[in-house]
Amino acid sequence: MTLLDGKKTSADIKEEIALEVSELKRREQKTPHLAAVIVGNDGASLTYVNAKVKACERVGFESTLIRLPENTTEDDLLNEINILNIDKDVDGFIVQLPLPKHIDEQKILMAVDPDKDVDGFHPTNVGKMALNLPTFISATPSGILELLDRYNVETSGKNVVVLGRSHIVGSPMSILLSQKRKVGNATVTLCHSRTKNLAEITKTADIIVAALGIPEFLKADMVKDNVTVIDVGITRVADSNKKSGFRLVGDVDFEGVSKKAAFITPVPGGVGPMTIAMLLKNTLLACSRKF
Ligand code: GUN
């Protein structure tokens, strides 16, 4: 079994980005600038956003964190987005999800200038992605493609099963892996909460991407030998033995499934760090306008 080490791979990518940043600074006197907007005080979201901002500093980007209170109105947030859209100093920005219930997420995502949409969530960019045109590919699916690529996991002609149809992971992942691209050309089955005989389907998979948000959902008896497993789940489960009071649990029963797997991502240290590295890559792309 080979561990797909996202922590190490993302460190490699960040080193490559840092080199490109110093080149960009020297050649064009440009410094990539990522801004992140977060509404409210959700602990997990704050942790993720802070990790993104810290990663910017590490690779030599400028970063701006905009923290807005939980009771921010939709209009206030739209106003903030407009300011970022016209700010020539900001190359790309993200609005951390989920947003408070009183704000229409789709309306917010549609207000972001597609040229600054480094999360790749704007319908224009989702459409381009679906048509296999150059654009910002959202960070989690693109991080998974990058991880498979760097570990030389063959996807062409393989049976891939994606668990979960979220707009952020499951849906784009199923599209990308079925496309004619370097890491792609797979036969993809997208499973969700209404899927019947799920274990029968997962047992046919050469590669499984688990993105349902149900801790330890995928068990050893649901997979075949030598499967490749990508665990996108990251749920906080109370654990009094931990200083933080919780531990992070993926969608895969790692203990059992890893015994049958050829390749598997750990949680934490798998997909999570890759997501941050790919967000930085998209920001670099936005700054150098390379597509
Ligand atoms: N919430 C969970 N994942 C993401 C992500 O990739 N981007 C943003 N903006 N919010 C998220």
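Start by selecting β5, helix α7 (residues 170–178) and β6: together they form a right-handed β-α-β unit. Right-handed here means that, with the strands pointing away from the viewer, the path from the first strand over the helix to the second runs clockwise. Helices (H or I, at least four residues) and strands (E, at least two) are DSSP runs, numbered from the N terminus.

This is a predicted model: local features need pLDDT of at least 70, side-chain atom pairs count only at pLDDT 80 or more, and totals for chains, interfaces and linings use all residues. Residue numbers start from 1 along each chain as its sequence is written.

**Stop 1: strand β5**

Two strands count as paired if DSSP finds at least two bridges between them. Pick Val161: its bridge partner in β6 is Thr189. Then pick Leu163, whose partner in β6 is Cys191.

**Stop 2**

The order is β1-β11-β8-β7-β5-β6, with parallel pairing. β1 (2–3) and β6 are the edge strands, each pairing on one side only.

Bring back α7. It lies across β5, β6 and β7, and runs at about 165° to β6. Angles run from 0 to 180 degrees between N-to-C directions, and axes are lines fitted to C-alpha atoms, for helices over the stretch in contact.

**Stop 2: α6 against α7**

Select helix α6 (residues 139–150). It packs with α7 at an angle of about 40°, with the axes 9 Å apart. The two helices are therefore oblique to each other. Oblique covers what is left after under 35 degrees (roughly parallel), over 145 (roughly antiparallel) and 65 to 115 (roughly perpendicular). α6 passes α7 in a right-handed crossing. For a crossing, right-handed means that the near helix is turned clockwise from the far one by less than a right angle.

Show side chains at the contact. Pro141, Ile144 and Leu145 of α6 meet Pro172, Met173 and Leu176 of α7. Contact means C-beta atoms, placed from the backbone, within 7 Å.

**Stop 3: the sheet of 3 strands**

Move to β3-β2-β4, an open sheet of 3 strands with parallel pairing. Its edge strands are β3 (62–68) and β4 (92–95), each pairing on one side only. Neighbouring strands are turned by 15° against each other on average, direction ignored.

Select β2 (residues 33–39) with β3: they pair in the parallel sense over 7 bridges. His33 stands opposite Glu62 in β3. Helix α2 packs on this sheet, touching β2 and β3, and its direction makes about 170° with that of β2.

**Stop 4: α2 against α10**

Finish with α2 (residues 43–59) and α10 (residues 271–288). They pack at an angle of about 55°, with their axes 10 Å apart. That makes α2 oblique to α10. The crossing is right-handed. On the α2 side, pick Ala51, Lys52, Ala55, Cys56 and Val59; on the α10 side, Ile276, Leu279 and Leu280 make the contact.

Key:
Two residues are in contact if their C-beta atoms, placed from the backbone, lie within 7 Å.
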